[in-house]
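Please open the model in your viewer and follow the stops below in order, selecting each element as it is named.

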Amino acid sequence: MVWLTRFIRSRHGLDALLHSSSPRRLLNLAAAEYHRLRRDVEVPSAPYSLFVDPTNVCNLRCPFCATGAGELNRELRGLMPVPLFKKVIDEIGDRLYMVFLFNWGEPFLHSGICEMIRYAHERRIYTCVHTNFSLRWGEAGAEKIVDSGLSFLNVSADGVSQDVYSVYRRGGNIERVLGNVRALVEVKRRRRSSRPYLVWRYVAFKHNEHEIEPARKLAGELGVDEFRVIRGFVRDPAWRATGQYPNVTSQDMPETCGWLWRSIVINVDGGVGSCCYQRVQSDDFGSIRDSSLMSVWNNEQYRAARSYLARQQKRRRSVPAESEEEADIICARCPAVTSTLSYDESPAGAGESGPDVPIAGIRSAGG
């Protein structure tokens, strides 16, 4: 099947299948894709990938990020309670393949982040974190990361000199980032551990293109597993990179968006988001604080969203909402779904593209 091939070829999919598969997870994965292909409004299968925002606070002020620009619209700004995270894992963890522990904030500002990673890892769930890594973390922090069992770590750093790096990563310190990378590589070497798989992701803008090759060379010297360049989403054309770099995705979103059947987003306050673009609290599909995740997964908002998106995907064009419930959902206003998204700008206002989510869609967030 095409979807399975794409899943296996994705950055996280094959690793998750190899290390996290169980009969129940495989059956749930197949069921989720079955319901997606049928465009079912009611979905008895659980999401097989989970986005959790440990914190929506960041130590940097990146200008094209909703968090850095102070545009994040949510009453609670802070940390997700660890018991709330464990509640989600306890409910659907035996059907989950992947947990992405980041969205609108810097995950390592959460003192319990390694406990959260470990809790998922102990249930053989693939875990991924994106970070700016401009923190006083050091060797002790590196040991905590390796001990947690984290599967994949993306470090976003866009330059090798402080002057260039800090144009976008405002408030960041490139030497601190590189020091943390060195410490993590050393701990991995000493422990003879291949985890976490370490990626240096370089977001290309016009001002930092000349440092891409020096950064690539430095990445090799440091011993990171992969160096990757992507095009930054911009609001100001003056920032736009002149070179040819990959965007967040090559998928045709109106035909392939599968968030409502495959993935779920939990914000710091327990609010459930339709996808990781969604940043306005009033667009939440519900909350897991006082109810189960699966009861939210098939509530009125989810059913209305799936009904709208299924009709839109079937016709392969933007369609009008057919009810007040449909008109009120974020999917009916999403520029990626309604074909109004330019890959040079983000509807969420973020400066970088997302986590290479296996056939789940696209996102823009800090980290």
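Begin by selecting Val-203, which stands opposite Ile-230 in β6. This is a predicted model, in which local features need pLDDT of at least 70 and side-chain atom pairs count only at pLDDT 80 or more, whereas totals for chains, interfaces and linings use all residues. Residues are numbered from 1 along each chain as its sequence is written, and side-chain values use heavy atoms, with hydrogens and water left out.

Now extend the selection to strand β5 (residues 197–204), which pairs with β6 in the parallel sense over six bridges; two strands pair if DSSP finds at least two bridges between them, and helices (H or I, at least four residues) and strands (E, at least two) are DSSP runs numbered from the N terminus. In β6, five of the six residues are buried, that is, under 20% relative accessible area with a 1.4 Å probe and protein chains only.

Next, show the whole open sheet, whose eight strands follow the order β6-β5-β4-β3-β2-β1-β7-β8 with mixed pairing; its edge strands, β6 (226–231) and β8 (272–273), each pair on one side only. Within the sheet, select β2 (residues 98–100) and β3 (residues 126–131), which run parallel and are joined by three bridges, and find Phe-100, whose bridge partner in β3 is Cys-128.

Finish with the cysteines: counting pairs of cysteine sulfur atoms within 2.5 Å, the model has zero disulfides. For Cys-62, the nearest cysteine sulfur, that of Cys-58, is 6.1 Å away, and Cys-62 is buried at a relative accessible area of 7%.

Notes: Buried < 20%, exposed > 50% of the residue type's maximum accessible area, 1.4 Å probe, protein only.
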